[in-house]
Amino acid sequence: MPKVLGRKSAQFASAALSVALLDAAAFAAHAQEAPAKEAPPAVEELLVTAQRREQNLQDTPVAVSAFSARALDQLQIAKVQNLGSAVPSLYVSQISASPSTVQISLRGALDQTGGMITSEPPVGIYINDVYQARLSVANMDLADVQQVEVLRGPQGTLYGRNSMTGALKYQTRQPDGKGGGTLEASAGNYGQQRYRATVGGAITDHVAATASALFSERDGWQYDTTLKQKVGARRDSGVRGALGLTDVGPFSAMVEASYARTDTEGQYFVPLDPTTLKPLASGPFGSTRTPNKTDTRNEQKTLALHLGYAGEAVTFKSITAYQTLADHWTLDFSGGLVNGFGTTVAGFLRGSDTDQEQISQEFQLLGDAAGGKLQWIGGVFYFKETGTQVITDTIGAGVYAAFPIGLLPTTVNAESKSTAIYGQAEYAFTDKLKGSFGLRYTDDQKSVDGTIQNGLAAFPATLVARSNDADWKVWTPKFNLQYAVSDDVMAYATVARGYRAGGFVALSIANPSIFTQGYDPEYAWSYEAGAKIEGFDRRARLNVAAYLEQLKDLQQNVIENGSTLTQNAAEARIAGLEIEASATPITGVNLFASLALTDAEYEKLDASTAAAQAGAKSLPLISKVQGQVGGSWKIAPAALGGGSVTVAGDWSYRSSRYSEATNSEAGHIPAVDRLNASVTYESPNGQWKAFVQGRNVLDSEDYYSGAAFIPGLIVYRGADEPAMWSVGVRFKY
């Protein structure tokens, strides 16, 4: 077990196990229950809340990818990063900060500065309807996820800021009074350990609770040729608890609290020859050669209160949340640089320490009128975020001077306030035709101040202060028509606008001229048509969406001598076709497939931007073809005495892409295809399972990003994980 991760392993593993043991009596009481009667073959029915009210997936006029807890287990989706291969037009990967930080792209809009306090994603992330502002915690593990929904297309009316091209929604287990829980333990290669436990039930006649705990860790898989050891170990741990009222008439109340922590040895880039782009470290794929063992630590705490009242015609909801984040990371961008003296040094070592807190409050009113023909929702939203980030940069000895050059710390203090009011109404003109209109008004106020070194070669080096502030007001409408062609076929058309908030440049290396420089919001108008189809007595499902998206004031990040400059670089057109299909032809067989075809081009590219000056032609992180196909087969031979075996697998493909805006060769990532597989045994009474799981079972060697950090000197790529295998057991009661 890696030293950096080992000290509290037993404590967190014990916490995970003890959650399930809290209700051991309930396990014994249910252990002899017979399995439910087998239902006729049919695709899984899913209820989603894409329009802020519960609807059947097939009746919702939104492009939604939804995953139940069963599907998440089968697809081995434990983190948001794993969603990227399962959702059309979605791309998620690590980015240069800590392994818990991601870069995310959906339908062409993206963010690549998730490790910065000033970054703004184009895709909103919600856990139990609580907005998650920082991508620094987006890749954390959750123990008790019941469903994940990925909404594709602008969600600017009902979800607002930073839902420009979509939203990701996580729903954890709710305290509804139902007893039971789960206990899971697994182990695998690279020292993998994972323990997960959940429990829930009634405490009194009117109070229920849920609790969950998770602990996982693994050793590093990358080899460091300078340190002569594997690096990149990781540990995740977390707990979540909720109390709620049950059976109290129209009233509802729930309070939830969570704590999550990730500790790692950091990220390790693969250093490349600036001319040939061949790896410079002599070890196996993914090898690095930095002499420094880096580290990351990320902690998030959340407290949320959900209140509700369901009247005869109107429902009231209130969502109040408070969150804090402490994020620390260090990273050698060079992956190890051989200096002029022949010594391997950390060519460019960056450290970051961030403290952030946010509060949010949302009130919603939902109702219907005109005999149920009119359904409406209205709400107000308030969000405030404050944060401080301190960045330290050190240039290695022998790079520019015979000794290491430590720059003075860059300090960033940021504050953001957002206030919004919104409403949407849907009217049934006939039994088959419905139309809806929604509108949201948002006022974003932001300010930033800080200090930075007065030039890279300044002597003596001093700190200079910079500040900036801005106020943006945005209207985001939505128009929709949906038509029930038959009981099994629904067609829809949508026109919607979304936006991503503007901000300020903060990641600057001793360059006061761009530090706190502002950039405007990015806007998207989307024109979409789709169809949702079921057939063969619900044994097959086909959902299709075609869209045309116009992006204006496109925010792009470019690296200039180590500084990351965000520019409103362009206007772009993105057209796409998305297909999701699933089928259950016979009992025990489930098949699924997805496909995304994307065509993207610049319509206007500002000549002064780095992308234009580099001659870039392609938008970053967009693959022309993305797809996945897979399925599962459950068999119950007599030899198993009532038990069953499920074999599952999926293959995903993503065509080549550029990982950054200038389209440098270092950032050109070839096509990636990966195969995942699992075999699961389930006991006759359904109480326990034993499984073998593998991700990237063919051990494909792939990169997820690359860049010329300092052209001619520091060029790198980030290597993706090799084959990961695990075996485990899971109990439920």
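Is Thr 584 buried or exposed in this predicted model? At 5% relative accessibility, Thr 584 counts as buried (buried means under 20% relative accessible area, exposed over 50%, and partly exposed in between, with a 1.4 Å probe and protein chains only). Residues are numbered from 1 along each chain as its sequence is written. The model is predicted, so local features need pLDDT of at least 70, side-chain atom pairs count only at pLDDT 80 or more, totals for chains, interfaces and linings use all residues, and side-chain values use heavy atoms, with hydrogens and water left out.

The protein chain has a mean pLDDT of 91, and 94% of its residues reach 70 or more; pLDDT is the predictor's confidence in each residue, from 0 to 100. Over residues 1-36 the pLDDT is below 50, and this stretch has 63 contacts in the model beyond near neighbours in sequence, a contact being heavy atoms within 4.5 Å. Where pLDDT is low, the predicted coordinates should not be read in detail.

Thr 584 lies in the loop between strand 34 and strand 35. Helices (H or I, at least four residues) and strands (E, at least two) are DSSP runs, numbered from the N terminus. Apart from neighbours within four places in sequence, Thr 584 is in contact with Pro 41, Ala 42, Val 43, Arg 539, Val 589 and Asn 590. A polar atom of the Thr 584 side chain lies 3.4 Å from the backbone oxygen of Ala 42.

Ala 570 belongs to strand 34, which covers residues 563-583, and is buried with a relative accessible area of 6%. Residues up to four places away in sequence aside, Ala 570 touches Leu 551, Lys 552, Asp 553, Leu 554, Tyr 602, Lys 604 and Leu 605.

Lys 169, in strand 10 (residues 166-172), is likewise buried, at 6% relative accessibility. The side chain of Lys 169 makes a polar contact of 2.8 Å with that of Thr 49 and another of 3.0 Å with that of Tyr 159. A polar contact is a pair of N or O atoms within 3.5 Å; within protein, one must be able to donate a hydrogen and the other to accept it, and residues adjacent in sequence count only if both atoms are side-chain atoms.

The structure also holds 19 cavities of 30 Å³ or more. On a 1 Å grid over the protein atoms alone, a cavity is a set of points where a 1.4 Å probe fits but cannot get out, whereas a pocket is an open set with protein on both sides within 12 Å along at least five of seven lines; lining residues have an atom within 4 Å of a point. The largest cavity contains about 530 Å³ of space. Its lining has 27 residues, of which Ala 66, Phe 67, Ala 581, Ser 582 and Phe 592 lie nearest the centre. Elements that each supply at least two lining residues include strand 3 (63-68), helix 4 (69-74) and strand 34.

The second largest pocket has a volume of about 610 Å³. Among its 39 lining residues, Val 558, Ile 559, Glu 660, Ala 707 and Tyr 716 are the closest to the centre. Strand 33 (540-560), strand 42 (703-710) and strand 43 (714-719) give two or more residues to this lining, and the largest share, five residues, comes from strand 42.

Technical notes. Points joined across faces, edges and corners; volume = space filled by probe spheres on them.
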